[in-house]
Amino acid sequence: MIYLQNLNKQYGKKILFKDVNLHLRPKEKLGLVGENGMGKTTLFKIVTQLVSPDSGKVVVRKGAKLAMLAQELTSDEETVLERVVMGDEHFAIVSRKMHALENDMELHEKSPEEWSHKYGELQHEFERLNGYERESQAQTILSGLGFKEGQWVKPLKEFSGGWRMRVELARLLSRKPDVLLLDEPTNHLDLRSVIWLEAFLKTYEGSILLISHDRQFLNGIIKGIVELDRGALTRYAGNYDSFEALKAAREEQLQAEATNQQKKIADIEKFVERFRAKASKATQVQSRVKMLNKMDRVETATKSRTINFRFPQPARTGKMTVELTDVDKSYGPIEVYKKFSTRLERGWKVALVGENGAGKSTLLKLMAGVLEHEKGEIKLGANVTRAYYAQHHSESLVPGHTVLESLEETAGHLMRTQKHSILGAFLFSGDDVEKKVGVLSGGERSRLALARILSNPASFLLLDEPTNHLDMRSTEFLAAALADYEGSLCAISHDRYFLDGIVNRVWEIENQTVKEYIGNYSDYEYFKAQEAEQEKAQVTGADLKPDKNNSKKNKDRKRDNAKERNQKHRQIKPMKARLREVEKRLELVMQAKQEADLKMSDPDLHQTNQKNQLLKVIQQQTKLGQEEEQLTREWDELTRSIEQPEAESVQN
């Protein structure tokens with residue numbers, strides 16, 4: 001589907017890609033991972049031609065549609081549904097032309113044949129683009145992403161940036177491109193929407209290249225990992241868990257190779273130093289100097305900058321942390337809670353879950369004291385102090401202060417090394433700590449706000465999506481630190497792996513009530529599955545008898561479908577076998593061509609006495625280039641030939 005060939009990209013002295021190669025096959029789902037700042041988003045932009053590489057090329061199968069989740073929002077006047085349905089520019093043009101022609105009575109009366117011909121062509125294209133099903137498909141996707149039916153017809157300008165990003169994601173999914181490029185698609189979703197999106201992408205027919213810090217989300221979708229590290233792409237088979245195990249083994253091997261190489265280098269340098277002044281050893285010395293200059297140094301893995309400190313622990317409190325009694329809360333005519341009561345005790349670490357609009361954020365804010373209630377009582381326990389984190393919390397930071405000064409406002413009691421450790425954990429290192437808050441990005445301000453809260457923790461932490469701007473490794477260490485935290489905690493998060501590491505209770509908010517499940521999020525999922533099975537058994541009943549006639553019809557249909565599948569399988573089996581051969585040979589050719597390019601860059605090859613060898617390398621380059629072009633063309637033809645009968649099989 002996509003080939004990246006010898007890509008190079010550099011900004012100043014920072015090398016993002018160095019002779020990068022990658023093959024994304026049809027229907028393949030890969031996760032793209034790497035430290036912040038390594039260039040993952042830039043790679044997406046190069047693939048979609050928003051950014052040009054310094055050298056190398058991107059080969060996309062002819063006719064393939066690529067789509068990337070837009071980060072910049074446009075057009076406030078459209079409704080939510082209009083944006084999703086008409087978000088495909090080509091479909092929007094066809095739809096507008098059809099509508100205009102339907103109202104062109106002058107042409108219809110003047111030349112009915114011409115009108116009919118034009119309308120027929122437009123209608124054919126409209127049907128090819130699934131025009132008549134687009135609205136219902138868009139409604140299904142919007143519902144899955146948390147939009148209520150009444151919100152579909154509201155203009156985009158009435159929604160926050162996070163909700164408008166959901167609209168952009170819905171627009172992207174409804175277009176059904178051949179290749180989906182998703183950069184942190186879960187950042188603006190709640191937990192229910194993340195679960196729906198995971199199920200949707202798991203069965204998606206196209207190829208997917210996915211950037212995400214959500215481990216469980218990645219594990220549920222992808223079948224391979226591509227790691228971007230210091231300009232190089234390394235591919236691993238399996239999901240993210242498999243990648244970690246394979247990477248650990250690879251790092252161990254690289255470390256052993258690096259140790260052996262360093263010993264060899266030390267021996268060579270020792271020889272050079274010892275015999276440099278001896279004329280009788282001049283040839284051997286020069287030979288070893290050249291050997292050192294040509295030696296490719298083994299690079300070991302980068303060390304992750306992660307959260308790796310133990311929180312200062314809060315003062316011990318009474319048994320009760322917070323208690324709500326007969327609380328009423330409304331937003332205008334919308335009643336969220338009526339005579340609502342619950343309590344949270346010392347040491348409880350609670351995850352709030354529930355449908356969008358059920359009142360999770362409202363309950364968190366009520367307990368945090370940042371939202372007023374109309375009736376009832378909210379009472380804190382003895383010696384309880386509260387700290388609330390949400391993404392907009394960063395707006396309270398002083399723009400003129402540096403990052404370090406901002407942290408010192410809340411962490412003045414800590415030593416300077418501790419402050420730097422905390423800031424480093426939240427990805428502020430070196431000169432970054434002297435940056436003014438006013439020039440920080442939204443994500444950087446959110447990370448700083450989180451660092452301020454956790455550097456002087458209260459006895460009751462209330463966190464709303466704290467992982468949104470952390471990379472995966474930092475999220476894992478944050479979870480470990482919160483698991484070690486001795487106070488009480490209540491959190492909303494779309495990251496199930498993160499919740500599993502920190503909570504001991506799940507509160508499901510539904511119909512103004514709380515249903516409590518003891519355990520972590522995985523335990524909650526298990527209990528919900530058990531409840532669903534029980535409900536299903538009650539609905540279907542145990543004494544329903546099977547319909548024999550329907551059973552026979554189903555068997556006949558399955559037999560006919562099996563025959564058709566076998567026939568198509570026999571038809572495409574040899575093509576698939578040839579495709580595997582082509583792909584295997586193509587990857588070997590690309591590797592050989594890269595090695596030939598490296599030889600050409602060797603200055604020794606261009607000496608006068610190396611003329612014959614230089615000619616051989618040039619001929620090899622030309623031959624490999626021709627073979628690469630021929631194989632790429634054959635790969636493209638085979639892929640299309642295979643996809644057509646498979647698509648027909650799915651439709652039938």
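Good morning. Two strands are taken as paired if DSSP finds at least two bridges between them. With that criterion in place, let me turn to the structure, which is a predicted model.

I begin with strand S1, residues 2-11, and its partner S2. Seven bridges join these two strands, and they run antiparallel. Within this pair, Leu 7 stands opposite Val 20 of S2. In general, strands of a sheet pair through backbone hydrogen bonds, in either a parallel or an antiparallel manner.

The pair belongs to an open sheet of three strands, ordered S2-S1-S4, with antiparallel pairing. Its edge strands are S2, residues 14-24, and S4, residues 55-60, each of which pairs on one side only. From one strand to the next, the twist averages 20 degrees. Against this sheet packs helix H1, residues 40-47, which touches S1, S2 and S4. The direction of H1 makes about 125 degrees with that of S1.

Asp 19 is found in strand S2. Although Asp 19 is not a glycine, its phi is positive, at about 50 degrees.

Let us proceed to helix packing. Two packed helices are described by the angle between their axes and the distance between the axes. I shall present two pairs.

In the pair formed by H3, residues 89-102, and H5, residues 112-128, the packing angle is about 145 degrees and the axes lie 10 Å apart. The crossing of H3 and H5 is left-handed. Which residues of H3 meet H5? On the H3 side they are His 90, Phe 91, Val 94, Ser 95, Lys 97, Met 98, Leu 101 and Glu 102. Their counterparts in H5 include Trp 115, Tyr 119, Leu 122 and Phe 126, as well as Lys 118 and Arg 128. By class, the contact of H3 with H5 comprises eight nonpolar, three polar and five charged residues.

The other pair is H7, residues 161-175, with H8, residues 191-202. These helices pack at an angle of about 15 degrees, and their axes are 13 Å apart. Because that angle falls under 35 degrees, H7 is roughly parallel to H8. The crossing of H7 and H8 is left-handed. From H7, Arg 166, Leu 169 and Leu 173 meet Ser 193, Trp 196, Leu 197, Phe 200 and Leu 201 of H8. The contact of H7 with H8 divides into six nonpolar residues, one polar and one charged.

Finally, a view of the whole protein. How many helices and strands does the protein have? There are 20 helices and 18 strands. Of the 652 residues in the protein, 44% are buried. Among contacts with a separation of 6 or more, 71% are between residues 24 or more positions apart. Thank you for your attention.

Technical notes. Residues are numbered from 1 along each chain as its sequence is written. This is a predicted model: local features need pLDDT of at least 70, side-chain atom pairs count only at pLDDT 80 or more; totals for chains, interfaces and linings use all residues. Side-chain values use heavy atoms; hydrogens and water are left out. Helices (H or I, at least four residues) and strands (E, at least two) are DSSP runs, numbered from the N terminus. Axes are lines fitted to C-alpha atoms, for helices over the stretch in contact, and angles run from 0 to 180 degrees between N-to-C directions. Contact means heavy atoms within 4.5 Å. Angles under 35 degrees count as roughly parallel, over 145 as roughly antiparallel, 65 to 115 as roughly perpendicular and the rest as oblique. A crossing is left-handed if the near helix is turned anticlockwise from the far one by less than a right angle, and right-handed if clockwise. Ala, Val, Leu, Ile, Met, Phe, Trp, Tyr, Cys and Pro count as nonpolar, Asp, Glu, Lys and Arg as charged, and the others, Gly among them, as polar. Buried means under 20% relative accessible area, exposed over 50%, partly exposed in between (1.4 Å probe, protein chains only).
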